Amino acid sequence: MSVAIPPGARLIFGRPELLVDRTTSYCPGCGHGVVHRLVAEVLGELGLGGKTIAVAPVGCAVFAYEYIAVDFVEAPHGRAPAVGTGIRRVRPDAFVLTYQGDGDLAAIGTAEIVHAAARGENITAVFVNNGIYGMTGGQMAPTTLIGQRSTSSPGGREAGLHGYPVPMTEMLAILPGVVFAARGSVVDAPSIGRAKAYLRRAAELQLARKGFAIVEILSNCPVGWGMTPQASIERLKEVATVYKPGVIVDRAKEPAPAPAAAPAAAPADAEPAGEPAAGR
Amino acid sequence: MTATMPAAPRATGGTAPATAPAAHAARHRVQRVLMKGNEAMAEAAIQAGCDAYFGYPITPQAELLEWMAKRMPEEGRAFVQAESELGAINMALGAAATGARVLVSSSSPGISLMAEAMSYMAGSEVPVVLINVMRGGPGLGSIGPSQSDYFQAVKGHGHGDYRVPVLAPASITEAMALVADAFELAERYRTPVIILADGILGQAMEPVELRFRTPERVDFDWALSGADGRPPRVVRSLHLKPEDLEVHNRHLQAKFAAIAGREVRSAGEHLEDADLAIVAYGTAARVARTAVARAREAGLRVGLFRPITLWPFPSGALAELAGRVRGLLVVELSAGQMVEDVRLAVEGRVPVAFDGRTGGMVPTPGEVLAALRALDETAGPRRAVEGGAR
């Protein structure tokens with residue numbers, strides 16, 4: 001829906017064409033809306049709206065297809081990277097995007113994300129990490145921080161009882177099939193700008209058929225965290241001291257240290273393992 | 001039309017490289033070759049235009065995956081050995097959601113893992129063909145042939161109100177034909193279709209005629225190809241409002257009713273003069289066929305009723321048969337699963353006996369003959385009970 005611009009005026013902020021003009025089902029203050037917007041902006045700026053096939057997760061973002069105007073398939077819980085793999089292998093010219101939360105990606109979908117990354121599938125994985133299961137009412141996720149209270153860790157997460165938070169993006173980054181791994185945040189405007197830059201980089205690498213890219217975006221869940229939106233943003237700053245934002249690996253840009261799992265002979269800037277997937 | 005045209009080149013029967021014996025033979029059509037069932041079903045899928053195969057190794061279907069690993073890249077089509085059966089079936093979901101013709105295969109424990117995505121695909125109406133080369137269960141069971149996944153295949157496997165067509169071949173040649181039929185059914189009705197084979201059908205070698213069929217492509221108005229020049233499409237099973245989900249479920253049930261009305265298949269042998277009949281599918285039907293021959297040599301008028309679609313079940317034909325025989329003997333490689341559907345179909349008109357072996361064991365024709373003799377003695381001519389002795 002476009003608004004008529006009066007003569008002499010200039011539009012400096014508008015709704016991205018691919019972001020549907022509809023009230024979302026997300027709670028007030030939730031970061032998913034911001035991430036949706038970033039995804040819509042990047043797809044729009046790269047002209048990918050007509051060639052994107054996206055995969056929606058199970059979780060709060062299951063409704064992503066209601067808000068981002070591209071083709072979508074809904075995956076079973078955690079399976080988005082496998083679904084994306086299937087699309088990739090029969091649609092070499094499509095832009096394939098998966099969108100998952102941390103319960104979906106870091107718990108039930110661990111095998112699927114690890115192996116899609118290991119194969120170097122030429123897809124772009126958006127990973128929204130808010131450290132909790134939002135849709136089911138605020139239970140502990142693998143990403144929940146030590147000490148954090150949730151409805152299934154009412155006394156706070158204890159390492160001895162619940163194990164440690166899982167740094168998924170760092171884990172994935174050691175795989176040679178991963179061309180790009182970065183972590184952004186929705187905590188403030190500069191961070192949101194950087195998160196968008198990571199998404200754009202990841203998308204461009206897919207277009208260049210460089211392999212698997214993941215962009216984790218730290219987000220807030222005011223309702224699940226039991227906080228006001230404003231307090232949840234303060235809390236998100238603390239989360240970012242544990243999960244540090246930044247580029248974790250960019251194998252297309254600069255030679256990275258040879259990952260432990262990579263064969264010694266493979267230079268870090270070589271064609272990623274996933275390259276053969278492209279064009280199949 | 002891009003929605004149904006996968007980017008991978010589609011092969012015809014005549015273009016396969018000479019390195020593949022089946023494809024070589026296909027070029028000089030209708031040669032008879034000796035093939036394993038697993039390999040024959042795999043090649044039949046390729047010749048039927050299968051665009052993508054996803055699998056995970058498991059006995060006794062591993063040769064199917066291995067055949068695809070070699071042949072699919074030769075044809076320029078997609079093959080992925082997945083990280084698990086969960087991975088494989090969800091890759092199938094993704095590929096099939098774009099309109100590609102997709103095959104997955106596994107054996108019993110792997111099929112259990114695929115149940116989740118089967119439910120999603122039934123709900124979101126994604127066509128895919130799934131071959132189950134059944135082995136003994138429950139649990140890890142054995143790697144011997146079995147038919148103990150009948151309930152799983154026919155009664156629903158995953159959660160929710162849904163049915164999928166289940167095709168049961170009794171020979172390798174029939175299995176090859178049913179692969180093409182399965183793709184056609186899947187695409188016509190937007191549904192997963194199961195081919196229920198067993199370890200013997202998968203592993204045995206038979207001379208097969210290399211007759212292949214490539215079903216015509218359907219112009220899908222739902223497949224995902226990128227929303228270029230049209231509104232975005234969504235392939236999903238979520239309908240959060242109960243009112244909406246009920247509407248969707250009614251639509252699905254109407255589709256299942258249409259399938260049940262149009263797609264029932266069965267075969268009969270020696271039923272014209274039969275006064276006893278065996279009901280069996282797949283490998284059990286092969287054993288039964290031998291038992292029927294021996295029974296006839298021994299003077300028993302026995303026929304064989306063989307369901308080819310297990311869902312929709314040929315209840316009508318069985319009910320008709322029940323009106324003209326004295327009794328039915330159901331033979332299965334299970335503790336008795338299809339027998340429940342036979343009893344439902346005949347509604348007590350005639351005695352329904354059961355003979356089965358489990359765990360990878362296969363009943364011998366002699367055992368089946370003994371069960372027929374027992375049925376012959378107990379079935380008898382129907383007696384009037386009114387006024388009988390108290």
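A residue is buried if 20 or more other C-beta atoms lie within 10 Å of its own, exposed if 12 or fewer, and partly exposed in between, with C-beta atoms placed from the backbone. This is a predicted model: local features need pLDDT of at least 70, side-chain atom pairs count only at pLDDT 80 or more, and totals for chains, interfaces and linings use all residues. Residues are numbered from 1 along each chain as its sequence is written, while chains are lettered from A and ligands numbered from 1 in the order in which they are written.

**Chain A overall**

- Chain A holds ten helices and nine strands. Helices (H or I, at least four residues) and strands (E, at least two) are DSSP runs, numbered from the N terminus.
- Of its 280 residues, 54% count as buried.
- Two residues are in contact if their C-beta atoms, placed from the backbone, lie within 7 Å. Take the chain A contacts between residues at least 6 apart in sequence: 69% of them join residues at least 24 apart.

**Helix α10 of chain A**

- Helix α10(A) covers residues 229–242, which makes 14 residues. From first C-alpha to last it reaches 20 Å, close to the 20 Å expected at 1.5 Å a residue. The expected span is 1.5 Å times one less than the number of residues.
- The buried residues of α10(A) are A:Ser232, A:Leu236 and A:Val239. Seen down the helix axis, they fall within an arc of 60 degrees, so they line one face of α10(A). The arc is that of the directions from the helix axis to the C-beta atoms.
- An α-helix has 3.6 residues a turn, so residues three or four places apart point the same way.
- The buried residues of α10(A) pack against β7 (178–185), β8 (212–218) and α9 (222–225) of chain A.
- Turned away from that buried side are the exposed residues A:Gln230, A:Glu234, A:Glu238 and A:Thr241.

**Strand β2 of chain A**

- Strand β2(A), residues 71–74, is covered on both faces. A:Asp71 and A:Val73 are buried on one side, A:Phe72 and A:Glu74 on the other.
- Two strands pair if DSSP finds at least two bridges between them. β2(A) pairs with β1(A), residues 52–56, in the parallel sense over four bridges. A:Ala56 has A:Glu74 as its bridge partner.
- Two bridges also join β2(A) to β9(B), residues 234–235, and these strands run parallel. A:Phe72 is partnered by B:Val234, and A:Val73 by B:Val235.

**The A–B contact**

- Chain B gives 39 residues to the contact and chain A gives 32.
- On the chain B side, β2, β3, α4 (85–97), α5 (108–124) and β9 each supply at least two residues. α4(B) gives the most, with nine.
- The chain B side divides into 23 nonpolar, ten polar and six charged residues. Ala, Val, Leu, Ile, Met, Phe, Trp, Tyr, Cys and Pro count as nonpolar, Asp, Glu, Lys and Arg as charged, and the others, Gly among them, as polar.

**The sheet of chain B**

- Seven strands of chain B form an open sheet with mixed pairing, in the order β3-β2-β4-β5-β7-β6-β13. β3(B) (78–81) and β13(B) (309–311) stand at the edges with a single partner strand each, so one side of each has no neighbour in the sheet.
- Four bridges join β2(B), residues 52–55, to β4(B), residues 102–106, and the two run parallel. B:Ala52 has B:Val102 as its bridge partner.
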